[in-house]
Amino acid sequence: MEFFTDIILSIDETPFKDKGTLKNIVENGKDCYSYEKKGSCYRVKGTFEQLDKLVSRCQRATDHHSTATHGRTGQHNHHASARVKSVEVSRVVMDYINKKCEEKLGKILGNCSLVTVLQSDITARITFRPQSGSFHQAAFVRQRFITFYQRVASDLHIISVPGNLHEHNKLQRKFPTLIFEPSNKKLTVMGPFPHIAEFKEFLWKNRSTKRPVSKTPTDSLSNRISGSSSAHKDPDDESCPICMETIVTNKKKTLRCKHSFCSECLEKAFVYKPVCPTCGELYGTLKGTQPDGGTMEVTKNASPLPGYEKYGTIVIHYYIPSGIQKEEHPNPGQPYEGASRTAYLPDSSEGRMVLGLLRRAFDQRLIFTIGRSTTSGRNNTVTWNDIHHKTSTHGGPTHYGYPDSEYLSRVRDELKVKGIE
């Protein structure tokens with residue numbers, strides 16, 4: 001598969017009657033992948049193809065013992081399939097995945113199917129059922145799905161903006177990765193944070209940028225959405241990506257990323273966010289919309305996190321009080337609900353480095369924002385921004401907990417995008 005070229009697989013030796021059997025299986029492939037043993041588990045890192053073959057060898061070894069116990073192959077396969085644990089997911093996140101990530105999800109599932117059971121208005125539980133084959137196929141698909149789901153969930157944001165059904169249809173064509181739901185003269189918008197940020201920037205430009213053309217009935221938001229203009233343009237002229245008008249030579253501003261704009265348009269765009277409107281390269285220090293008055297306190301304890309048994313735990317306590325939204329927020333003048341959140345890091349050298357980066361992000365108002373919670377569904381509340389945190393010590397990626405061997409490098413990448421490294 002083209003999704004994940006580096007996967008970490010944990011194999012517990014408990015199901016193996018002879019622990020030496022698993023050791024021999026793992027060591028026989030050490031030229032293809034790397035591994036280490038922690039407690040009763042082997043942690044193996046390699047490509048999908050390499051680990052798929054490893055799981056098959058492990059399955060054959062356990063099947064030999066299990067078949068003698070359970071008899072017929074059909075009975076065994078049913079029993080093995082039942083051992084693949086179901087996964088609890090957010091219905092909001094799965095709705096987005098089903099609508100906008102259908103192709104990627106299909107490639108991850110392969111010949112497995114998803115069985116979804118709704119648990120509440122907020123959560124659902126999904127089970128992986130192989131069309132053919134045995135336990136190892138569904139188990140491996142489950143691991144790959146969890147990684148994919150975690151990445152989508154950590155990046156998903158929901159906002160509410162004024163709008164109507166006509167603008168909804170135009171916006172959906174311009175921003176195909178977002179979901180627009182019209183309701184009561186407003187649009188609820190859901191999608192990955194970079195695309196939500198691009199959409200908000202688009203709205204801001206259309207509200208604040210004064211275009212150097214006479215106002216006509218066709219000079220409307222709908223026309224700007226579709227990218228049309230009533231003025232004739234020479235195809236050789238360079239257009240400003242912000243106002244869509246021809247750039248006047250003596251008012252042209254070219255950034256180091258080689259993208260050019262009207263200097264006035266770029267100046268206004270940088271007031272909102274100091275990034276190139278075309279490619280997103282950062283210029284200066286990025287400031288977020290996290291409400292003022294919050295605190296970030298840090299404590300430590302000696303208890304280790306799963307996967308970091310050699311280290312203690314860093315506990316981060318965030319507190320953002322309730323207040324009134326400002327102009328930079330979705331509904332200026334309306335009250336918003338504050339939040340108290342707790343996050344966890346291993347007290348390792350890399351964990352302490354990430355803590356320092358998160359402190360900088362908090363000071364730059366980038367950790368939280370105001371919007372609709374993807375877990376509770378409540379609007380006008382303080383929510384996480386697009387910097388992922390581990391809010392549980394256990395439960396793995398789908399429960400925002402440990403073990404998750406890629407988390408620290410992933411959150412550093414998220415911070416790097418914001419100029420924090």
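Trainee: What should I know before I start?
Mentor: It's a predicted model, so local features need pLDDT of at least 70 and side-chain atom pairs count only at pLDDT 80 or more, while totals for chains, interfaces and linings use all residues. Residues are numbered from 1 along each chain as its sequence is written, and side-chain values use heavy atoms, with hydrogens and water left out.

Trainee: Okay, how many salt bridges does the structure hold?
Mentor: There are 13, each one a side-chain nitrogen of Lys or Arg within 4 Å of a carboxyl oxygen of Asp or Glu.

Trainee: Which residue does R125 pair with?
Mentor: With E88, and their closest N and O atoms are 3.6 Å apart. R125 sits in strand 6 (residues 123-130) and E88 in strand 4 (residues 87-90), so the bridge ties together parts 37 residues apart in sequence. Strands (E, at least two residues) and helices (H or I, at least four) are DSSP runs, numbered from the N terminus.

Trainee: Switching topic, what does E181 bridge to?
Mentor: To K99, with 3.7 Å between the closest N and O atoms. E181 is in strand 8 (residues 179-183) and K99 in helix 4 (residues 91-100), so parts 82 residues apart in sequence are tied together.

Trainee: And which residue does D292 meet?
Mentor: R365, at 3.6 Å from N to O. Bridges that share partners join D292, K326, E328 and R365 into one network.
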